[in-house]
Amino acid sequence: MTREISLPDSRRFFEIRFESIGGLGAHAAGQIVASAAVLRMGLNGSHFSSYGSEKKGSVVRSFVRLAPADCAIRNSAPIESPDVIVVFHGGLLAHPATLAGMRAAGTLIYAGHEHEAPDGLSRLPETTRVIRIDAQTIAREERSRPNAVLIGALTAALPFLDRQAILDTLEATFAGKHPEAVAANECAFTRGAEEFKLIENVGRGEGDLPAVTSDPLWGYRTAPLGGVLPLPGNTAHNDLHTSRNGWMPVLDADKCIDCGMCDMVCPDLCLVWSTTTGDDGQPTVKLDGVDYRYCKGCMRCVETCSTLAMTREPETHGMANRLRVPLFPDLFPATGGKHAT
Ligand code: SF4
Ligand code: SF4
């Protein structure tokens with residue numbers, strides 16, 4: 001059956017932008033929505049993503065354009081002013097680029113806990129519809145992933161999307177490679193469609209938020225010499241906590257023998273050590289804890305720890321900040337080395 005899209009103003013496409021971090025399934029989510037629209041709803045659609053070189057941890061944006069069947073989609077540029085923005089982790093809302101281009105008549109769906117009040121929401125236009133869904137918790141409880149939950153919420157928020165068509169596409173996507181995930185994804189999808197919350201009186205802005213455009217700063221006449229980085233970055237400023245999927249490693253210092261095996265497998269060197277003097281008067285090193293700012297939740301440290309000192313625990317709101325041992329305490333002095341989660 002062909003679905004009808006009610007397009008705002010005189011625009012030809014309905015545009016959705018997924019804002020995420022590698023590992024949370026934003027690319028797969030965009031693929032499922034666009035495939036369902038084209039193959040099962042009789043619409044035209046296109047989808048692509050932009051992401052960095054790492055599988056986990058780097059920013060991922062996924063773009064979906066939908067149009068009536070008689071309207072060809074010939075635009076493959078990134079979506080700058082979407083009708084819907086779906087944010088896979090509340091921590092991303094602190095970055096202005098996440099909400100850039102949000103339409104005053106649009107919809108924001110974000111993954112967040114009930115007691116969180118993410119930075120940045122007040123910048124939204126006051127007429128933007130804001131929806132929160134606790135995608136991490138639901139995904140953890142259903143042994144699924146946040147993307148299934150968020151697609152469920154998206155489907156409920158947009159009546160022109162055919163819920164059964166999207167669910168069938170979600171199931172078909174996993175039936176081949178991960179048949180054991182099909183039932184879990186269906187539960188997560190259904191809960192996403194039913195448990196979302198409409199948040200009112202959030203935005204204070206007027207009119208659409210400005211889009212972030214990517215005009216090049218330099219052309220061939222003005223670019224500096226090749227290989228010169230005038231503004232070098234520093235990975236100490238990275239914030240990878242949004243990669244965690246509702247679980248975090250927690251150290252029990254009483255069980256730790258400071259063997260260092262976890263440090264050898266941690267891909268982001270986020271374990272914090274100090275030097276002390278041992279009983280024999282010799283210098284020795286001691287594991288103080290984890291800097292969760294840089295921890296992606298890969299659980300290699302947990303799998304490697306032979307004494308069960310490092311365990312995998314469900315992450316609750318504020319827990320990472322409470323247990324965090326900063327690697328670079330002087331880097332963020334205003335927050336005592338803490339970051340905003
Ligand atoms: S592997 Fe386990 S025991 Fe060894 S340093 Fe790490 S947490 Fe401690
Ligand atoms: S889960 Fe463990 S190994 Fe993985 S990034 Fe975090 S501290 Fe490092």
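Helix α1 (residues 26-40) lies across β1 (14-21), β2 and β3 (59-67), and runs at about 170° to β2. Lying across rests on contact, meaning heavy atoms within 4.5 Å, while axes are lines fitted to C-alpha atoms, for helices over the stretch in contact, with angles from 0 to 180 degrees between N-to-C directions. Helices (H or I, at least four residues) and strands (E, at least two) are DSSP runs numbered from the N terminus.

This is a predicted model, in which local features need pLDDT of at least 70, side-chain atom pairs count only at pLDDT 80 or more, and totals for chains, interfaces and linings use all residues. Residues are numbered from 1 along each chain as its sequence is written, and side-chain values use heavy atoms, leaving out hydrogens and water.

**The sheet**
- Seven strands form an open sheet in the order β2-β3-β1-β4-β5-β6-β7, with mixed pairing; two strands pair if DSSP finds at least two bridges between them.
- At the edges are β2 (44-51) and β7 (197-199), each pairing on one side only.
- From one strand to the next, the twist averages 20°.
- Strands β4 (residues 84-87) and β5 (residues 107-111) run parallel and are joined by four bridges.
- Opposite Val87 stands Tyr110 in β5.

**The two domains**
- An automatic or database assignment sets the domain bounds, giving domain 1 (14-199) and domain 2 (236-335).
- Their C-alpha centres lie 31 Å apart, and the contact takes 16 residues from domain 1 and 14 residues from domain 2.

Conventions
Chains are lettered from A and ligands numbered from 1 in the order in which they are written.
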